[in-house]
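The following note sets out points for a colleague to check against the coordinates. Please read each point with the structure open.

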Amino acid sequence: RLKNILHDPQRFFVVFLDAEEHLNPQNLHYTDILLKQAELLCQQLEQSKIDIDETFIHQLKEWFDKKMIVRLQERASSMELVAGMEAKGGIAWLGGLFAKLTNAIKFGATYREEIRTETKNHLSQFADGFNQLIRAANEAVAANRLGRRILFIVDGTDRMPSEGMERFFIDDFTELQRIEANFIYCTQVHLLYQHNFLQQRFSYIHRVPMLKIHQRGSDEFWEPALETMREIVYKRVNRSLFDDEDTVDYLIRHSGGHPRELVRLLGLTRIHSRREIFDRPAAEKAVQELATDFLRFLFADDYDLLVRIDLQESQGIQEAYEGTHKLLHTLALLEYNNLWWRSHPVVRTLPGYKKRIADHVAHSG
């Protein structure tokens with residue numbers, strides 16, 4: 001949707017990369033992203049009938065010929081990969097070469113590390129060539145009134161494991177920055193609190209909050225948000241497949257306003273349904289199963305922190321706490337607008353949470 005909004009002659013020529021579709025978020029390296037971006041840019045320029053003069057792709061061609069292909073040819077295991085990579089020319093040929101590399105990264109474990117190593121070892125030459133291509137493409141798309149300049153949107157990087165995400169956005173940031181263009185990346189919210197590097201290095205950070213099914217400081221459910229969540233449900237499951245709308249609202253309330261958690265609860269409900277409908281007993285089992293998942297990684301200190309945050313939130317108090325990055329990452333803590341945090345509703349059904357609340361009430365009394 002963001003791509004469709006921004007891909008406009010008066011705005012940007014958007015090159016959209018879905019890491020889940022094009023690569024593998026569970027095993028992702030910054031070199032994979034850069035190579036795929038180059039491939040998609042070449043493909044999109046070709047599809048838009050934009051020709052780039054050979055002068056501006058010469059450096060990338062040299063990088064392929066003298067760095068990537070020569071190095072890979074030195075390894076017997078890579079001979080199959082380099083077959084058919086003979087030098088030709090043109091933006092279509094260049095895109096085809098990048099496609100061969102990125103397909104090998106996604107599907108060929110044999111070649112993956114070799115390609116990454118060679119790209120990393122000669123990143124400076126690759127970046128110079130890619131930047132030259134981007135500069136030429138910026139002028140071409142503007143001249144053809146297809147956009148003011150190139151914008152790369154990268155989706156799916158928020159699906160990386162926590163360790164891989166930190167490496168990508170923090171350790172490898174300097175390498176990403178070598179490419180001179182506009183980029184939009186997705187990451188998980190916990191990374192914003194675990195380090196201050198993102199705020200220092202990225203020019204703009206936009207947080208996408210949960211839907212606030214409650215008004216702040218209140219346990220009253222907010223009907224406009226509930227209705228939006230119902231729309232999400234009914235786009236996936238026909239109304240006739242629910243025993244009652246109360247079952248739908250029960251699942252929504254326990255999702256905490258998180259669409260992905262809602263879809264997950266729907267899936268669990270379907271698994272537990274004994275009939276061909278989504279009924280309340282199955283929904284309750286789905287909530288219990290999701291709560292059990294949280295039970296596996298929450299400790300006593302986590303419950304203490306969640307209770308403190310919830311009690312302050314109910315009093316309209318807003319404070320930041322040490323240790324929240326883990327809770328935000330696991331979704332035990334959900335973020336709404338303006339650093340408004342509240343624990344996940346299914347977490348509040350767990351014995352550990354209930355005990356901390358009872359202890360606090362007894363202590364206050």
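How many residues does helix H6 have, and how far does it reach from its first C-alpha to its last?

1. The model is predicted. Helix H6, residues 91-107, has 17 residues and spans 24 Å between its first and last C-alpha, close to the 24 Å expected at 1.5 Å a residue. Its buried residues are Ile91, Trp93, Leu94, Gly95, Leu97, Phe98, Ala99, Leu101, Thr102, Ala104 and Ile105. In general, an α-helix has 3.6 residues a turn, so residues three or four places apart point the same way.

2. Regarding overall composition, the protein has 19 helices and five strands. Of its 365 residues, 47% are buried. Among contacts between residues at least 6 apart in sequence, 68% join residues at least 24 apart.

3. The largest nonpolar core comprises 56 residues, and Leu45, Phe126 and Leu133 have the most contacts inside it. Helix H8, residues 123-143, gives the most to this core, with 10 residues. Another core, of 39 residues, lies apart from it; Leu266, Leu298, Trp341 and Val346 are among its members.

4. Phe126 deserves a separate entry. Leaving aside neighbours within four places in sequence, Phe126 is in contact with Leu34, Leu35, Ala38, Leu60, Trp63 and Phe98. Phe98 is also one of the buried residues of H6.

5. Is Thr119 buried or exposed? Thr119 has a relative accessible area of 0% and is therefore buried, the cut-off being under 20%. Thr119 has its place in helix H7, residues 109-121. Not counting residues up to four places away in sequence, Thr119 touches Thr31, Leu35, Trp63 and Met68.

6. Turning to aromatic residues, the structure holds 15 aromatic pairs. The rings of Phe130 and Phe152 have centres 6.1 Å apart and planes at 70 degrees, so this pair is edge-to-face. Because Phe130 lies in helix H8 and Phe152 in strand E2 (residues 149-155), the pair ties together parts that are 22 residues apart in sequence. Both Phe130 and Phe152 are buried.

7. A contrasting geometry is found for Phe183 and Tyr185: with ring centres 5.9 Å apart and planes at 15 degrees, the pair is stacked. Phe183 counts as partly exposed at 22% relative accessibility, whereas Tyr185, at 17%, counts as buried.

8. One aromatic cluster is formed by Trp63, Phe64, Phe98, Phe126, Phe130, Phe152, Phe168, Phe169, Phe183 and Tyr185. The members of the two pairs described above, Phe130 with Phe152 and Phe183 with Tyr185, are thus included in this cluster.

9. Charged side chains also meet aromatic rings. The charged end of Lys61 sits over the ring of Trp93, 5.9 Å from its centre. Trp93 is listed with the buried residues of H6. Arg253 lies over the face of Phe221, at 5.5 Å from the ring centre.

10. Where do the cysteines stand? A search of the whole structure finds zero disulfides. Cys42 is buried, with a relative accessible area of 0%, while Cys186 is partly exposed, with a value of 27%.

Methods: Residues numbered from 1 in each chain as written. Predicted model: local features only at pLDDT ≥ 70, side-chain atom pairs only at ≥ 80, totals over all residues. Heavy atoms only, no water. Core = buried A, V, L, I, M, F, W, Y, C linked by side-chain atoms within 4.5 Å. Buried < 20%, exposed > 50% of the residue type's maximum accessible area, 1.4 Å probe, protein only. Helix = DSSP H or I, 4+ residues; strand = E, 2+ residues; numbered from the N terminus. Contact = heavy atoms within 4.5 Å. Expected span 1.5 Å × (residues − 1). Disulfide = S-S within 2.5 Å. Phe/Tyr/Trp six-rings, centres within 6.5 Å; stacked < 30°, edge-to-face > 60°. Lys NZ or Arg CZ within 6 Å of the ring centre and 35° of its normal.
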